[in-house]
Amino acid sequence: MARHWYSDQPQNPYSRWHRKYEGLAYIDLDAIEVCKKCTTPLAIIELTKDFGQKFKTFKLTKMIADKLELPGFVVYYRTKGIMDDEIISFNVQKVSPTITNVFKDITPGKWVKYLRKLHTEHAEVCEKETVYDFDKWEGTDPE
Ligand SMILES: [Zn+2]
């Protein structure tokens, strides 16, 4: 018996295949902010377009973020228009470690500043972060 399809996203071949089997379940992860140098996860993020909905489920996002001891978020993004994908603002709810209220009308600049802060904090402990990476040295020697 086919299971109900819960998402507004188109089904991929794996999803169609998976749904044939009773007793199995899976959920897509939306976004994992990662270090660009070592791929260490920095935040677990559930994404949703802001249609004025009051609530987006985040049970799995919180479970994963809690287990990894990373910040977890639901990010509602608002675009300029239905046919214009330019993001103009975010509503953001932190769901890990604690669940906060939804912070409204966060500018793209403010959200990127927060994301950069996660990267900066990680850089202090990143194994791939070095001041001089001589293996990748491509410049000329300093005088
Ligand atoms: Zn790193």
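## The sheet

Five strands, in the order β1-β2-β3-β4-β5, form an open sheet with mixed pairing; strands are DSSP runs (E, at least two residues) numbered from the N terminus, and two of them pair if DSSP finds at least two bridges between them. At the edges lie β1 (31–34) and β5 (102–106), each of which pairs on one side only. Neighbouring strands of this sheet are turned against each other by 30° on average, direction ignored, where axes are lines fitted to C-alpha atoms, for helices over the stretch in contact, and angles run from 0 to 180 degrees between N-to-C directions.

This is a predicted model, in which local features need pLDDT of at least 70 and side-chain atom pairs count only at pLDDT 80 or more, while totals for chains, interfaces and linings use all residues. Residues are numbered from 1 along each chain as its sequence is written.

## Strand pairing and the packed helix

Nine bridges join strand β3 (residues 72–81) to strand β4 (residues 84–96) in the antiparallel sense, and Thr-79 has Ile-87 in β4 as its bridge partner. Helix α3 (residues 108–123) packs on the sheet, where it touches β1, β2 (41–49), β4 and β5, and its direction makes about 160° with that of β2; helices are DSSP runs (H or I) of at least four residues, and two residues are in contact if their C-beta atoms, placed from the backbone, lie within 7 Å.

## Overall make-up

The protein has three helices and five strands, which follow the pattern α-β-β-α-β-β-β-α along the sequence. Among contacts between residues at least 6 apart in sequence, 39% join residues at least 24 apart.
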